[in-house]
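Hello,

Here is the structure we talked about handing over. My notes follow below it.

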Amino acid sequence: MAGVLTAGIGTGVVATTLKIADGTHTAFDTTLSITTGFLFLLAGAVAHVRRASNPIGLLIALAGLALFAEDLQFAKNAVAHTAGLAFTAASSPVIAHLVLAFPHGKLRSRWERVLAFSAYAVVFGAAVLGLLVNDDPGNLAAIAASPESEQLVKRLLELVGALIGGGVVVVLLYRWLTGRLPQRRLLSPVVAIAVIGAVSTTVGSALGSAHPASEPMLDVYRISFCLWPLAFLAGVLRARVGNAEMIRLLLERDGSGLAALVQDDEVWKDSRSIDALNAAAGLVLDNQRLAAELEERLVEVQASRARIVAAADDERRRVERDLHDGAQQRLVSVVLLLRMAERRLGGELTPPVAALLANTIDELQATVTELRELARGLRPAILTEAGLIPAVRSLLDRVPLPVDLAAADVPRIGGAVEATAYFVVSEAVTNSLKHARPREVRVRIGVEEDGLRVDVHDDGTGTADIDGGSGLHGLRDRVRALGGELTVESDPGSGTTVSAVIPLAD
């Protein structure tokens with residue numbers, strides 16, 4: 001870049017001197033030409049400083065160097081004059097390349113590469129042919145000087161150049177029409193200048209050099225062309241603001257680089273879009289953080305509920321064991337002692353005392369029976385020893401109704417899952433007997449992909465309500481504590497179905 005700028009400034013000073021000394025150009029034409037060249041060099045330098053990684057700045061500066069190189073043809077020195085003839089239209093392919101590569105600095109499609117390569121090949125190929133047939137006395141490279149051949153080469157260059165220029169304008173318009181709003185805002189100045197220049201030159205050529213409006217149309221083209229480097233520089237500066245905003249977006253999220261937004265380069269040209277993206281990214285990151293915290297807490301709650309269920313089961317087993325080994329055994333011992341006393345002292349007791357003793361024994365026996373039923377209700381021993389299906393079958397054998405039990409081969413599973421499934425069946429059957437007046441109850445138990453499934457259906461009145469304060473509400477909490485779900489379908493006159501799906505413990 002430093003070499004291009006140095007060569008451009010030096011060539012620009014020489015070109016300015018030569019053009020002024022030539023005397024065939026108006027002051028307006030000379031001023032616009034020199035200003036345009038130096039504006040390209042200045043815009044290229046600023047663009048390179050702003051975005052050194054983007055080669056667009058180098059292309060802008062090369063356009064300025066090529067413009068000044070074209071004016072070397074006005075030199076009196078034969079070598080410099082010959083070099084100037086070789087660079088007669090050197091700026092045209094560079095500017096075509098610049099327009100096609102803007103704002104990325106790269107040719108991204110096949111058609112863009114074809115157009116750029118064709119522009120370089122046609123312009124410099126025609127320049128070589130022109131040098132060979134040019135009859136200019138100062139041309140050192142003339143081999144077969146021929147005015148007719150020179151004119152033919154010029155016409156061919158103009159025709160092919162017009163086609164390439166039209167293709168560049170079409171590509172530029174297509175990118176503008178199909179681009180998003182930020183891309184359109186970025187390309188609009190470049191497209192506008194290209195269209196104005198194309199229209200002015202086309203109209204001027206159509207009117208002819210003798211028409212009074214031909215020269216003003218040429219001036220319009222020169223002025224618009226002089227503004228082109230400023231349009232490129234404005235696009236580069238807007239792109240730089242976009243990149244700075246993207247960096248700020250990364251740094252302003254709680255002081256840490258949590259994420260980066262990656263998008264087509266044109267999006268970063270509109271700083272207002274960055275503000276919207278910044279706000280949207282903030283909402284997304286905040287929502288993700290809150291969702292992660294909520295999920296973590298939900299996992300903790302489910303784990304704690306599972307621990308509570310397990311602790312409750314352990315406590316039930318402890319109470320059952322204490323009742324069986326403690327109070328129940330003592331009451332049985334008291335009953336036995338009273339029976340022994342009744343047998344030994346039966347003849348010596350008065351009838352009232354004998355009756356009181358018999359009643360006491362019966363009451364104690366009834367207490368033992370109730371205590372045994374209470375211990376069995378906490379957690380049946382058969383559930384621990386034999387498993388879920390035998391425990392459910394033992395439970396249903398005591399039900400005073402026809403019960404249809406369909407149970408596939410259920411292996412031994414976690415104690416909490418087995419206990420929960422048993423209590424689902426027990427509570428559902430108990431509710432049916434108390435409230436639904438059914439004629440039949442059906443129980444289905446099986447292992448599915450999502451866990452252990454339990455279904456209890458009765459053909460009763462269908463008045464069950466899981467939120468009505470019954471034991472089903474607490475049972476649903478127990479099922480959910482294990483990660484499952486309990487549902488109740490109850491329609492008046494259609495019976496009630498209690499279904500529970502409990503994930504199997506790992």
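**Notes on the model**

Asp-71 counts as buried, because its relative accessibility is 7% and the cut-off for buried is under 20%. Please bear in mind that this is a predicted model. Asp-71 is found in the loop between α3 and α4, the latter being residues 78-86. Leaving aside residues up to four places away in sequence, Asp-71 touches Ala-15, Leu-18, Lys-19 and Ser-33.

Another loop residue is Ala-213, placed between α8 and α9. Val-203 is ten residues from Ala-213 in sequence, and the two C-alpha atoms are 9.1 Å apart in space.

Next, helix α2. This helix covers residues 27-50, which is 24 residues, so at 1.5 Å a residue it should span 34 Å. The C-alpha atoms at its ends are 34 Å apart, in agreement with that figure. Several residues of α2 are buried, among them Asp-29, Thr-30, Leu-32, Gly-37, Phe-40 and Ala-47.

Phe-40 also turns up in the largest nonpolar core, which has 35 residues. Phe-40, Trp-228 and Phe-232 are the members that touch the most others in that core. The elements that give it two or more residues are α2, α3 (56-70), α5 (91-101), α6 (110-133), α7 (147-178), α8 (181-207) and α9 (214-251). Of these, α5 provides the largest share, seven residues. Trp-228 has contacts with Phe-40, Ile-95, Val-99, Val-190, Ile-193 and Ala-194, again not counting residues up to four places away in sequence.

There is a second, separate core of 34 residues, and its members include Val-417, Tyr-422, Phe-423 and Leu-475.

Now the aromatic rings. The structure holds three aromatic pairs. One of them is Tyr-422 with Phe-423: the ring centres are 5.8 Å apart and the planes are at 70 degrees, so the pair is edge-to-face, given that the class needs planes over 60 degrees apart. Tyr-422 is buried at a relative accessible area of 5%, and Phe-423 counts as buried at 13%.

Last, a charge and a ring: the charged end of Arg-110 sits over the ring of Trp-111, at 5.4 Å from the ring centre.

Regards

Terms used: Residues are numbered from 1 along each chain as its sequence is written. This is a predicted model: local features need pLDDT of at least 70, side-chain atom pairs count only at pLDDT 80 or more; totals for chains, interfaces and linings use all residues. Side-chain values use heavy atoms; hydrogens and water are left out. Helices (H or I, at least four residues) and strands (E, at least two) are DSSP runs, numbered from the N terminus. The expected span of a helix is 1.5 Å times one less than its number of residues. Buried means under 20% relative accessible area, exposed over 50%, partly exposed in between (1.4 Å probe, protein chains only). A nonpolar core is a set of buried Ala, Val, Leu, Ile, Met, Phe, Trp, Tyr and Cys residues joined through side-chain atoms within 4.5 Å. Contact means heavy atoms within 4.5 Å. Rings of Phe, Tyr and Trp (its six-membered ring) pair if their centres lie within 6.5 Å; planes under 30 degrees apart count as stacked, over 60 as edge-to-face and the rest as tilted. A charge sits over a ring if NZ of Lys or CZ of Arg is within 6 Å of the ring centre and within 35 degrees of the ring normal.
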